[in-house]
Amino acid sequence: MAEPGLRLVHSDDSVDIDVLVDRVARGDSAAFARLYDEVSASAYGLARRVVRDPSRAEDVTQEVFLEVWRKASRFDRRLGRAKTWVMTIAHRRAVDAVRRSESHKRTDHHAAPDEMTHDEPSDTLIEAEERDAVRGCLDTLTELQLESVRLAYFNGYTYREVATLLDKPLPTIKTRMRDGLIRLRDCLEGAR
Amino acid sequence: MSTELHTLSGAYALDALSPEEAEQFRSHLAECAACRQEVRELTHAAALMGEVEATEPPTELRARVLAAADRTPQMPPRVRHLPSGARRWTPRLLIAAAAAVVLVAIGIGYNQLQEPEQQLAAPVAQVFNAPDAHRASMKTANGGEVSVATSPSLGKMAVETDKLPELGKGQVYQLWAIADGQPTSAGLLEDPDQGAAMEMPAAGIRVAITIEPAGGSEQPTTEPIMSVVPSQV
């Protein structure tokens with residue numbers, strides 16, 4: 001049985017978000033506004049972490065929600081929860097934005113993941129606990145797994161770029177990314 | 001199944017593949033249910049990592065987003081996972097291929113997580129506009145027209161399908177690659193106006209289009225409306 005309050009994967013609020021997306025698919029603008037309220041901090045926060053520039057992060061966030069609006073009818077909850085779907089769109093669009101225009105401007109490679117600070121959103125205890133659980137699980141990754149995963153996910157690097165940066169063979173980086181995410185997945189499953 | 005490809009699941013879930021590699025990996029996913037499951041789980045783990053970064057956006061963004069959505073039409077739904085009930089194609093359609101190669105199609109909507117539709121049109125135009133492009137147009141059995149282009153330098157082929165007749169609600173155009181007499185789905189033409197681009201199939205592999213029930217079929221259930229051997233275009 002899960003610890004009280006620690007509901008990582010099938011939490012009640014994720015059910016709500018699935019329902020909201022279903023309503024958005026039927027053109028429900030109120031549901032879309034509610035969906036925005038529920039997930040905009042996650043989408044914007046991720047976009048901001050990846051693209052850095054707040055105003056570009058806003059543009060990315062707008063693109064994300066427009067894609068969600070347009071494609072809500074294509075969302076299939078059997079393939080995962082709605083929030084993951086939104087976050088996946090957010091990540092892809094943020095990475096696209098970075099690769100499109102900043103491939104030569106980015107300077108701070110290694111430092112970024114740990115040294116950026118953010119205003120934590122005012123949120124519930126449950127969300128704070130979820131974040132702590134993810135952070136705790138990230139700590140179980142090996143250094144190379146963590147670095148590979150973070151450079152790819154938060155800096156928007158391809159695995160080839162990560163291999164170059166870390167001066168490691170491609171297959172090593174490929175494997176570390178996969179093993180790192182598997183470890184994160186398994187750890188979060190256990191925490192549920 | 002290629003182990004080599006399989007180990008890319010982590011990089012794929014992190015959006016850390018080049019567009020070409022991502023295409024290849026998607027075609028691998030189309031044939032590997034276990035890989036799809038793994039990608040779903042790893043993508044979920046990555047998303048949870050992303051959620052740690054949550055930061056409230058500026059309040060004015062909300063009105064901007066809602067207003068933009070208000071001006072934006074929504075895409076119609078599609079039906080997935082129809083029962084197969086497929087039958088084999090008649091032998092006259094099956095041309096043995098010299099080598100089996102996996103046909104990589106963009107424009108497949110099988111995985112909602114990975115398929116931004118705005119990526120479809122550009123690769124199609126790229127192939128058609130390539131300096132070394134071979135192009136051919138052909139009438140289809142249902143009264144439409146399809147253009148095919150191949151580009152050796154890009155190693156790709158593309159089809160323009162905007163002149164295909166519009167289908168009824170419960171139907172969809174489906175692309176097939178036929179190797180050694182065995183059709184393999186190369187994806188649905190979710191939006192025929194966009195066409196589709198794919199890796200150049202090996203010599204002798206035939207590409208065909210059928211009309212299938214919405215959601216597509218495991219195997220063709222109707223006769224093709226057109227077919228072509230891209231290496232001979």
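Here is a quick tour of a predicted model with a chain A and a chain B. Chain A is built from nine helices and has zero strands, while chain B brings in an open sheet of four strands as well as helices that touch chain A. Where the chains meet, 48 residues of chain B are in contact with 61 residues of chain A.

**Chain A on its own**

- Reading along the sequence of chain A, you get the pattern α-α-α-α-α-α-α-α-α, with nine helices and zero strands.
- Chain A has 192 residues, and 45% of them are buried.
- Take the contacts in chain A between residues at least 6 apart in sequence: 68% of these link residues at least 24 apart.

- The average pLDDT of chain A is 84, and 79% of its residues score at least 70.
- Residues 1-15 of chain A have a pLDDT below 50, and this stretch has 19 contacts in the model beyond near neighbours in sequence.
- Residues 106-122 of chain A also have a pLDDT below 50, with 16 contacts in the model beyond near neighbours in sequence.

**Where the two chains meet**

- On the chain B side, 48 residues are in contact with 61 residues of chain A.
- Three elements of chain B each give two or more residues to that side: helix H2 (9-13), helix H4 (33-51) and helix H5 (60-70).
- H4(B) supplies the largest share, twelve residues.
- Sorted by class, the side of chain B that touches chain A has 26 nonpolar, eleven polar and eleven charged residues.

**A helix pair across the chains**

- Two packed helices are described by the angle between their axes and the distance between the axes.
- For helix H2 (residues 29-51) of chain A and H5(B), the angle is about 145° and the axes are 11 Å apart.
- The crossing of H2(A) and H5(B) is right-handed.
- From H2(A), the contact uses Ser29(A), Phe32(A), Ala33(A) and Tyr36(A), and from H5(B) it uses Arg62(B), Val65(B), Leu66(B), Ala69(B) and Asp70(B).
- Those contact residues of H2(A) and H5(B) come out as six nonpolar, one polar and two charged.

**The four-stranded sheet in chain B**

- This open sheet runs in the order S1-S2-S3-S6 (chain B), and its pairing is antiparallel.
- Strand S1 (134-139) and strand S6 (196-199) of chain B sit at the edges with a single partner strand each, so one side of each has no neighbour in the sheet.
- From one strand to the next, the twist averages 20°.
- S1(B) pairs with strand S2 (residues 145-151) of chain B over six bridges, in the antiparallel sense.
- Within that pairing, Met138(B) has Val146(B) in S2(B) as its bridge partner.

**Strand S4 of chain B and its partners**

- Strand S4 (residues 171-179) of chain B is mostly covered, with eight of its nine residues buried.
- S4(B) pairs with strand S7 (residues 206-213) of chain B over eight bridges, in the antiparallel sense.
- Leu175(B) has Ile209(B) in S7(B) as its bridge partner.
- S4(B) is also joined by seven bridges to strand S5 (residues 182-189) of chain B, and the two run antiparallel.
- In this pairing, Tyr173(B) stands opposite Leu189(B) in S5(B).
- S4(B) and S5(B) make a hairpin with two residues between them, and Asp180(B) in the turn has a positive phi of about 50°.

Methods: Residues numbered from 1 in each chain as written. Chains lettered and ligands numbered in written order. Predicted model: local features only at pLDDT ≥ 70, side-chain atom pairs only at ≥ 80, totals over all residues. Contact = placed C-beta atoms within 7 Å. Nonpolar A, V, L, I, M, F, W, Y, C, P; charged D, E, K, R; others polar. pLDDT = per-residue confidence, 0-100. Buried ≥ 20, exposed ≤ 12 C-beta atoms within 10 Å, placed from the backbone. Axes fitted to C-alpha atoms, helices over the stretch in contact; angles between N-to-C directions. Left-handed = near helix turned anticlockwise from the far one by under 90°. Pairing = 2+ DSSP bridges.
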